[in-house]
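Reader: Hi! I'm new to this one, could you walk me through it?
Author: Happy to. Have a look at it, then ask away.

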Amino acid sequence: LLASGLPAGQPGIFFYGPTEVQVPFGNGVRCVGGGSLGLFRLPPGAAGNAGVLQLEPDLQSPPSGSGSLAGSTWKFQAWFRDPSGGGAAFDLARGLSIDFGA
């Protein structure tokens, strides 16, 4: 997973869920919904000097309760601090939908 154009050095986290929503959140729009399963967070990180936050999730070991990824589609998004962005001082990257096939 990769999110770019973020403020350098700021903390961020990728999260995912099974549904797509459009909910105002911070200075952006949350695109990932939890449905009946809830939202799942991946380990936190920080955007590097180039403003890139990236993470290679362990697809063999999804969080407890999320079930198998095989044969499913999940929505992913990044949350990040943005102190100079004003407002809520945090924002969200664009959402991404990934189909894991069978």
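**Strand β8 and its partners**

Author: Let's begin with β8, which pairs with strand β9 (residues 90-92) in the antiparallel sense over three bridges. Keep in mind that this is a predicted model.

Reader: Okay! Which residue is the bridge partner of R81 in β9?
Author: That is F90, the bridge partner of R81.

Reader: And how does β8 pair with strand β2?
Author: Strand β2 (residues 11-17) and strand β8 (residues 73-81) are antiparallel, with six bridges between them. Within that pairing, Y16 has F76 of β8 as its bridge partner.

Reader: How many bridges join β8 to strand β10?
Author: Four, and the two strands run antiparallel; β10 covers residues 96-99. F76 turns up here too, standing opposite L96 in β10.

Reader: Switching topic: how many aromatic pairs does the structure hold?
Author: There are seven aromatic pairs. One of them is formed by Y16 and W74, an edge-to-face pair with 5.3 Å from centre to centre and 75° between the planes. Y16 sits in strand β2 and W74 in strand β8, so this pair ties together parts that lie 58 residues apart in sequence.

Reader: Are those two buried or exposed?
Author: Y16 is buried, at 4% relative accessible area. W74 is buried as well, because its relative accessibility is 2%, and the cut-off for buried is under 20%.

Reader: What about W79 and F90, what kind of pair are they?
Author: They count as tilted, because their planes are at 40°, with the ring centres 5.8 Å apart. That pair links distant parts of the chain, with W79 in strand β8 and F90 in strand β9, eleven residues apart.

Reader: Is W79 buried or partly exposed?
Author: W79 is partly exposed, at 22% relative accessibility.

Reader: Which residues form the aromatic cluster?
Author: Y16, F40, W74, F76 and F100 make up one aromatic cluster.

Reader: One last thing: where is S72?
Author: S72 is in the loop between β7 (53-54) and β8. With 16% relative accessibility, S72 counts as buried.

Reader: Which side chain does S72 join in a polar contact?
Author: The side chain of W74, through a polar contact of 2.8 Å. Leaving out residues up to four places away in sequence, S72 also touches I98, D99, F100 and G101.

Note on methods: Residues are numbered from 1 along each chain as its sequence is written. This is a predicted model: local features need pLDDT of at least 70, side-chain atom pairs count only at pLDDT 80 or more; totals for chains, interfaces and linings use all residues. Side-chain values use heavy atoms; hydrogens and water are left out. Two strands pair if DSSP finds at least two bridges between them. Buried means under 20% relative accessible area, exposed over 50%, partly exposed in between (1.4 Å probe, protein chains only). A polar contact is a pair of N or O atoms within 3.5 Å; within protein, one must be able to donate a hydrogen and the other to accept it, and residues adjacent in sequence count only if both atoms are side-chain atoms. Contact means heavy atoms within 4.5 Å. Rings of Phe, Tyr and Trp (its six-membered ring) pair if their centres lie within 6.5 Å; planes under 30 degrees apart count as stacked, over 60 as edge-to-face and the rest as tilted.
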